There are 2 protein chains.
Amino acid sequence: MFSKQTYINRRNQLRLQFKSGVLLFIGNDESGMNYEDNTYHFRQDSTFLYYFGLNKPGLYAIMDIENGNDYIFGDDFTIDSIVWMGSQPTIHEMASTVGVEKTGTISQFTEKINSFHKGAVQYLPPYRPEHQIKLMRFLGISPAESHAKASIPFITAVGEQRNIKSEEEIDELDYAVSVTTEMHLAAMRFAQHGMNEAQVAAKVHEVALSSGGNIAFPIIATINGQTLHNHYHGNTIKEGQLFLLDAGYETPKGYAGDMSSTFPVGKTFTEKQKEIYRITLAAHNGAIDMLKPGVHFRDVHMQVARTIFDGMKALGFTKGNTDDAVENGAHALFFPCGTGHLMGLDVHDMENLGEQYVGYCGIPKSKQFGLKSLRLGRELKPGFVLTIEPGIYFIPELIDLWQQNGTNKDYINFDRVNEYRNFGGIRNEEDLLITETGSRILGKPLAKSIEDVEAERAKAF
Amino acid sequence: MFSKQTYINRRNQLRLQFKSGVLLFIGNDESGMNYEDNTYHFRQDSTFLYYFGLNKPGLYAIMDIENGNDYIFGDDFTIDSIVWMGSQPTIHEMASTVGVEKTGTISQFTEKINSFHKGAVQYLPPYRPEHQIKLMRFLGISPAESHAKASIPFITAVGEQRNIKSEEEIDELDYAVSVTTEMHLAAMRFAQHGMNEAQVAAKVHEVALSSGGNIAFPIIATINGQTLHNHYHGNTIKEGQLFLLDAGYETPKGYAGDMSSTFPVGKTFTEKQKEIYRITLAAHNGAIDMLKPGVHFRDVHMQVARTIFDGMKALGFTKGNTDDAVENGAHALFFPCGTGHLMGLDVHDMENLGEQYVGYCGIPKSKQFGLKSLRLGRELKPGFVLTIEPGIYFIPELIDLWQQNGTNKDYINFDRVNEYRNFGGIRNEEDLLITETGSRILGKPLAKSIEDVEAERAKAF
């Protein structure tokens, strides 16, 4: 937890954006797996953490703009709870540590929320079914309308504030990324021909847990790197294959790291792998070179798309005029996703609030295949934290679909592409802070060049 | 997954319990942590797994009793889903592997469910908020009434069927427990003075994940074993302390193991620790000796309570007539929980269906402190799988409360108890199958005697 003053300052800054009304913050509950009491690890709502700091289930907070009062509501432990879960401070004691003196029980929360004019209560979009049930119970809003009725001024104010990371947040993110680097190094120094993916994923997971935090998102640890969010870990890994790891640490304060690395299952990359790897690396470094305040991230993404298309052209996979090809989305056969996304308390920061507000700031988002998956399009400002993660993927189903439909056939040499249909995928990913003049890579650097990756892999043998 | 015939047979057995109506099975969805798409690992509903075998989110199944038809509904992957999550068989292909030929989309599910008379549709108690929203959406049942309207005949039929484990389920449970043993041995051979609890928990977690499954429940790995469900892992562990581990493996098929062990952070137990350990062990072995068909598990629990009370009396912690003391719940100062619970696809098997039906079979459950936490009270039958897990705990808050209120003061020597208030807790836990004539410990045996535990600990040094 940060200091009491941090939370008071954050709330005061938010309060200044409103003239009237009531802001409702719904904390997360425990989530049952196969029955209510067999729970996943608890994850607090990030906005609740940001303004109210308490990392406990079953809480609600209110900011009453007109009288300037902040409230936290929750039920204290009974002796039965203490026997099962140990002693803990009272709600009032915990609330004091974040500068909130007005507290109450859930029953008092119900009275309080009922005392407001319903239209005055503003809330953020619900992303868990439990939020929808609570909005129905306390505000009479049905699940079907709960998204549409979320407050855009509230979303925008939170988005603009959380997007600019403070010094203490940057320290925490540096730490999150440094542990993330250790997770990747552990994999590079451990993976061996004949293991299965689960063994490598388990080692990476262990590093996160033993550091006292958790994984920031489900680990991708796969020889099928072409599947972007592949959480299957059942394959045996073999010499000659590429291993793609996308994993990040979440600190006990809730801040995320998010890195990807791609390394050979054997000691060294093959020549074919090196050729593709060099293209992603050129796109990656080119993107980092562009980062500075005032640049639109959509332009960074388009530059990455051109670099990938050009690189693939030099290897005979693509053809034709690069600008036209990228305009038509032809690069998306190999790079169907975005160059990066915002990061902070959430690995995709504030994805729950809506990309159109947080990542696009009202700029219309493309509906083109590939570009529609870019989560960040807006102008960069100092204090933004984001990922850079270009990749090249050979996705057999997508190749077949495009070839069958003749999609972008003027720009793609399908025969050449088909020779690589079992190649897999390559991605590197780093986390960066936008500074006043450019950018800075967060945390401890991770092996990224072919030479550095092979040097780490040598330690596994 | 088991064979197609297994699922067909299970459904046919269930069907025989009903003359009419429609059984609705709601599969689980992905659960978002801090936004919808950042998910915890997926856990299918156990009853859905048991009858329909498919381990995928977003599915519904229906058994129409009158016409004998079974249905599975879900939406097939689009090309966008394939790019992000890889290829997968169609719903129809997957359903065929479990003997269901009638399939449809979610939109067709909506039509189907609307085609039934509402009162004909029977469902099981919802334990996730998503289930409540679905019951509201599809059956018009509000969250507030969704528990009360669950079908008791459906609960009872599922409970009686799933309680008797088949040969193939017993094989799977043997396997789950054997990996669970490896998780405990890894901790015993790893833990060292000066580590923190999280490092030990992470090692245990790694064993589960690297075996291709997951943890069956949140790991308890603590020097504060007196807190029964303690998931905090932030303490540094020190020579002289006891370390209590309660952890279990969940196989990829979804079956659980659940064991507890208690070992010294140093090489050996202290004499004081050995004295208490011997009492829990006597209670433990005495309970196992009683297990056989026809025995009521409540009687096993009461025998454990007497053994613990007597053992503590010999050490001067308790006094008076044992039968009277146990009748009054005096043992619950040290043993405020149950001797064991059913286990299967869920670590507390079918806790979501309600203990009163599954574990008590209609026998009234006690409301006395301690006894009310016994999850299993009924007569045992061949094929039941359960845990045995007596323990002795020194819970400072509970000691203070009882002393202050004079609770059971005729049976407790509070001065003596207070000398041990920082002792912690001891629990051993094993998983057993009720056979035709008695019981059998499942899986690979885990060190349990003082000598065996110390022999494992010696490997850490």
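This briefing walks through the overall build, the domains, the chain contact and a few local details of the structure above.

What you have here is a predicted model, where local features need pLDDT of at least 70, side-chain atom pairs count only at pLDDT 80 or more, and totals for chains, interfaces and linings use all residues. Residues are numbered from 1 along each chain as its sequence is written, while chains are lettered from A and ligands numbered from 1 in the order in which they are written.

**Chain A as a whole**

- Chain A has 17 helices and 15 strands; helices (H or I, at least four residues) and strands (E, at least two) are DSSP runs, numbered from the N terminus.
- The radius of gyration of chain A is 24 Å, close to the 23 Å from the globule rule for 461 residues, so chain A is as compact as a globular protein of that length. That radius is taken over C-alpha atoms, and the globule rule is 2.2 Å times the number of residues to the power 0.38.
- Along its principal axes, the C-alpha trace of chain A spans about 70 × 45 × 40 Å.
- Of the 461 residues in chain A, 50% are buried. A residue is buried if 20 or more other C-beta atoms lie within 10 Å of its own, exposed if 12 or fewer, and partly exposed in between, with C-beta atoms placed from the backbone.
- Take the contacts in chain A between residues at least 6 apart in sequence: 72% of them join residues at least 24 apart. Two residues are in contact if their C-beta atoms, placed from the backbone, lie within 7 Å.

**Two domains in chain A**

- Chain A splits into domain 1 (4–162) and domain 2 (167–458), with bounds that come from an automatic or database domain assignment.
- Taken over C-alpha atoms, the centres of domain 1 and domain 2 of chain A sit 34 Å apart.
- Where the two domains touch, domain 1 of chain A puts in 14 residues and domain 2 of chain A puts in 13 residues.
- On the domain 1 side of that contact in chain A, α2 (46–52) and α8 (152–163) each supply at least two residues, and α8(A) gives the most, with five residues.
- By class, this side of domain 1 of chain A has seven nonpolar, six polar and one charged residues. Ala, Val, Leu, Ile, Met, Phe, Trp, Tyr, Cys and Pro count as nonpolar, Asp, Glu, Lys and Arg as charged, and the others, Gly among them, as polar.

**Chain A meets chain B**

- The contact takes 56 residues from chain A and 56 residues from chain B.
- On the chain A side, α3 (79–85), α6 (129–139), α10 (197–210) and α15 (396–405) each supply at least two residues, and α10(A) has the largest share, nine residues.
- That side of chain A divides into 24 nonpolar, 21 polar and eleven charged residues.

**Strands and sheets**

- In chain A, five strands make an open sheet in the order β4-β3-β2-β1-β5, with mixed pairing. Two strands pair if DSSP finds at least two bridges between them.
- The edges of this sheet are β4 (102–104) and β5 (121–122) of chain A, each pairing on one side only.
- Strand β1 (residues 22–26) of chain A runs parallel to β5(A), joined by two bridges; A:L23 has A:Q122 as its bridge partner in β5(A).
- Over in chain B, six of the six residues of strand β8 (residues 242–247) are buried.
- β8(B) pairs antiparallel with strand β7 (residues 220–222) of chain B over three bridges, and also antiparallel with strand β10 (residues 259–264) of chain B over six bridges.
- Example partners are B:L245 in β8(B) for B:A221, and B:S260 in β10(B) for B:D246.

**One residue up close: A:M312**

- A:M312 sits in helix α12 (residues 297–314) of chain A and counts as buried because it has 27 C-beta neighbours inside 10 Å.
- Leaving aside neighbours within four places in sequence, A:M312 is in contact with A:I279, A:F317, A:T318 and A:F334.
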